[in-house]
Amino acid sequence: MRLRLGMKLHLRTSWATVAVLALLYVAPLPATCQQTPAAPNANKDAVSAQPVPRLADGHPNLNGFWASGSGPDTPVGSSFGPRRDPNIKRGDWAGAKEQAADPNQPPYKPELMAKVKELASMESKSDPAFFCKPGGVPRIGPPHAIIQAPGMPIVFLYQVISGNTFRLVPTDGRAHDPEADESYYGDSVGHWEGDTLVVDTTEFNDDTWLGIYGWFHSTALHVTERISRQGDTIHYQATVEDPEIFTRPWTMNPWISKSTKELLVENAPCVESDSGHIISFDEKTKVQ
C-alpha cells in the first residue's frame, strides 16, 4: 500500500505574492477542461463566433478559473473540476486506455523504446509522481486558474495531488534566466503571437515524466505551450522537444477548457511511503 509524504518546493515567489496578485485580478468568467483528440469539435464554429474578452492593453483576458474535466493522469491527479468516480479502476482513470491507444505517441528514438516499455511495466515503482514529486510541464496540463494583471508576470495556478503550485510567466520581453537552476517546472518566459499566449520553458530536471506509460525525458527538454481564448473557453496545446530522446518535436493533443465558478482549495499534504519497505527506525539507526 502506498501513502503519500509531503514534499515542499523551494520557489522563488511565495503564495503571499500570488495572493497579492489575486487582488489585482479582474473577476473571472467561469471553466471544464478535458484533453481531446485533435479531431474537429462539433461546437468549434459556435465557440469561434463568440467575442474574445480583452484587457485594456488589447490582449485577450485569460483571467479566470479553468477546470480540468479529465485532468492530469492519475499519479499527478487533481480534485479540481468535475468529480470522478472513486471506484474507477486504475487503468481507466483519466483516459489511460485512450492515451495508450492514441496514435499520437511521443517519438522516442528506436534504441530507447525498450527503456520506455520497461519503465511502463513498473510504473508504480519508477514514476516520480507516485512519490509525491511534482508532475512537471507539460504533464501537469493547462492551468486551473490564470491571473493576468498589468505590469506583472502572468500567474498560472494548479491544484494537484503533490501540492498546489504556481508558475510565473513574464511577458515583458526578457530572455530566459541564464542562472536558472534545473527544476520540475523549468524557467518560463512568455510572449504574444496575435491573440495567442506562447509560453517557452527550459531548464527542467529529469525527475518527471511526460505521461504514465514510461514517457521519460532528459534535461534537454524544451516545452512550448500555446494558450488562446475563444468566448468562455481556452485552447491549450503543448509542443515538446527533446533532442536527447526524440527523433522530432512532438505536439500533444489539445485541451479545450471552459470557465468555472469553482474555486481552488488547499490540498492536504502529499504523503509518500511504501509499507512493504518500511524499516523500524531503531533498526535503521542502529550502529553497526
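Predicted model: local features only at pLDDT ≥ 70, side-chain atom pairs only at ≥ 80, totals over all residues.

Student: Where does Asn63 sit, and is Asn63 buried or exposed?
Tutor: Asn63 is in the loop between α2 (44-48) and β3 (64-66). With a relative accessibility of 1%, Asn63 counts as buried, because the cut-off for that is under 20%.

Student: OK, zooming out. How many helices and strands does the protein chain have?
Tutor: Six helices and 13 strands. Of the 288 residues in the chain, 44% are buried. The chain exposes about 15,000 Å², and carbon and sulfur atoms supply 56% of that.

Student: Which residues touch the most other members in the largest nonpolar core?
Tutor: That core has 38 residues, and the ones touching the most other members are Tyr108, Phe156, Leu197, Leu210 and Phe216. The elements giving two or more residues to it are α4 (113-121), β5 (154-158), β8 (196-202), β9 (222-230) and β10 (233-241). The largest share comes from β10, with four residues.

Student: What does Phe156 touch, if I skip residues up to four places away in sequence?
Tutor: Quite a list: Pro143, Ala145, Ile146, Thr165, Phe166, Arg167, Val169, Leu197, Val199 and Ile227. There's also a second, separate core of six residues, which includes Phe65, Ala145, Leu157 and Phe166.

Student: And Val155, where is that one, and is Val155 buried or exposed?
Tutor: Val155 is in strand β5. Val155 is buried, with a relative accessible area of 0%.

Student: Let's switch to β8. How many of the residues of β8 are buried?
Tutor: Seven of the seven, so β8 is largely enclosed by the rest of the structure. Thr196, Val198, Asp200 and Thr202 point one way, while Leu197, Val199 and Thr201 point the other way, and all are buried.

Student: Which strands are joined to β8 by bridges?
Tutor: On one hand there's β7 (residues 187-193), which runs antiparallel to β8 and is joined to it by seven bridges. As an example, His191 has Val198 as its bridge partner in β8. On the other hand, six bridges join β8 to β9, again antiparallel. There, Asp200 has Thr224 of β9 as its bridge partner.

Student: What about the turn in the hairpin of β7 and β8: how many residues lie between the strands?
Tutor: Two residues, and Gly194 in that hairpin takes a positive phi near 65 degrees.

Student: Which residues is Ser218 in contact with, leaving aside neighbours within four places?
Tutor: Asn205, Asp206, Asp242, Glu244 and Ile245. Take Glu244: Ser218 and Glu244 are 26 residues apart along the chain, with their C-alpha atoms separated by 6.6 Å.

Student: Last topic, aromatics. How many aromatic pairs does a search of the whole structure find?
Tutor: Five. In one of them, Tyr108 and Phe246, the ring centres are 5.1 Å apart and the planes sit at 85 degrees, so the pair is edge-to-face. Tyr108 lies in the loop between α3 (96-101) and α4, and Phe246 in the loop between β10 and β11 (250-251), so the pair ties together parts 138 residues apart in sequence. Tyr108 and Phe246 are both buried.

Student: And how are the rings of Phe246 and Trp250 arranged?
Tutor: Their centres are 6.3 Å apart with planes at 90 degrees, so that pair is edge-to-face. Phe246 and Trp250 are both buried.

Student: Which residues form the aromatic cluster?
Tutor: Tyr108, Tyr213, Trp215, Phe216, Phe246 and Trp250 form one cluster.

Methods:
Residues numbered from 1 in each chain as written. Heavy atoms only, no water. Core = buried A, V, L, I, M, F, W, Y, C linked by side-chain atoms within 4.5 Å. Buried < 20%, exposed > 50% of the residue type's maximum accessible area, 1.4 Å probe, protein only. Contact = heavy atoms within 4.5 Å. Areas by Shrake-Rupley, 256 points an atom, 1.4 Å probe, with all protein chains shown as cover. Pairing = 2+ DSSP bridges. Phe/Tyr/Trp six-rings, centres within 6.5 Å; stacked < 30°, edge-to-face > 60°.
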